[in-house]
Amino acid sequence: INVCVYDDYSIDGCAIKPSKIGLGGAFIDSGINVLSMIKCWLPFNNVVLLGYESKRCIQSNLVIKADVDLLIDGVNVHICIDWTTKKSNKETSIIYKGRKIDINNLLQTIYDGDNVINVEEMNRLDAHYYNLFRLLVGEPNYLEETKLHSLLFDINEKL
């Protein structure tokens, strides 16, 4: 699984825009969305941090770019979150049993070989909160629900 998130949140590639400082940095802001998406496919029973590289904002010292390699339940996962470029795009590639699936998260489009699936009938943010709050119905498992946030902050401490 390879996920790349690009947001135009930098002034010059070295400093985060002042209006975006409150987001907590690139990995904290976008990382939870990436991990939540991956949680749709993997249970996160075993996570190993294989390696990482990061760049920090020269003014706030928050992470402005993060490259993280994980092994989640035996699956290699690469996460790149980059606020240093002037582009805004979110892309996911999954290779599963020789089959490649590409997801353009921004366009809400899934490319599966020659098949193109557009899933724009539900707003991305609405879908995110729908899935989050759906977990709270019935008997929630708070340990399971906090697993991703704990992982997010643990990795961010290392970046």
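Lys20 counts as partly exposed because its relative accessibility is 24%, where partly exposed sits between buried (under 20% relative accessible area) and exposed (over 50%), using a 1.4 Å probe and protein chains only. This is a predicted model, so local features need pLDDT of at least 70 and side-chain atom pairs count only at pLDDT 80 or more, while totals for chains, interfaces and linings use all residues. Residues are numbered from 1 along each chain as its sequence is written, and side-chain values use heavy atoms, with hydrogens and water left out.

**Around Lys20**

- You'll find Lys20 in the loop between β1 (2-6) and α1 (26-39); helices (H or I, at least four residues) and strands (E, at least two) are DSSP runs, numbered from the N terminus.
- Leaving aside residues up to four places away in sequence, Lys20 touches Tyr9 and Trp83, with contact meaning heavy atoms within 4.5 Å.
- Ser10 is 10 residues from Lys20 along the chain, and their C-alpha atoms are separated by 8.5 Å.

**Cysteines**

- The disulfide count is zero, going by a cut-off of 2.5 Å within which a pair of cysteine sulfur atoms must lie.
- Cys14 is in no disulfide, and the nearest cysteine sulfur, from Cys57, is 8.8 Å away.
- Cys14 counts as partly exposed because its relative accessibility is 30%.
- Cys40 has a relative accessible area of 61%, so it is exposed.

**Nonpolar patch**

- Leu106, Leu107, Tyr111 and Val116 make a nonpolar surface patch of about 350 Å².
- Patches take residues with over 30% relative accessible area and no salt bridge, joining like charges within 9 Å and nonpolar side chains (Val, Leu, Ile, Met, Phe, Trp, Tyr) within 5 Å.
- A salt bridge here is a side-chain nitrogen of Lys or Arg within 4 Å of a carboxyl oxygen of Asp or Glu.
- Leu106, one of the patch residues, has its place in the loop between β6 (99-104) and β7 (109-112).
- With 36% relative accessibility, Leu106 counts as partly exposed.

**The chain overall**

- The chain has three helices and eight strands, and from the N terminus on its elements run β-α-β-β-β-β-β-β-β-α-α.
- Of the 159 residues in the chain, 33% are buried.
- Among contacts in the chain with a separation of 6 or more, 58% are between residues 24 or more positions apart.
- The chain's accessible surface is about 9,500 Å², and carbon and sulfur atoms hold 54% of that; the areas come from the Shrake-Rupley method with a 1.4 Å probe, and for residues only the protein chains shown count as cover.
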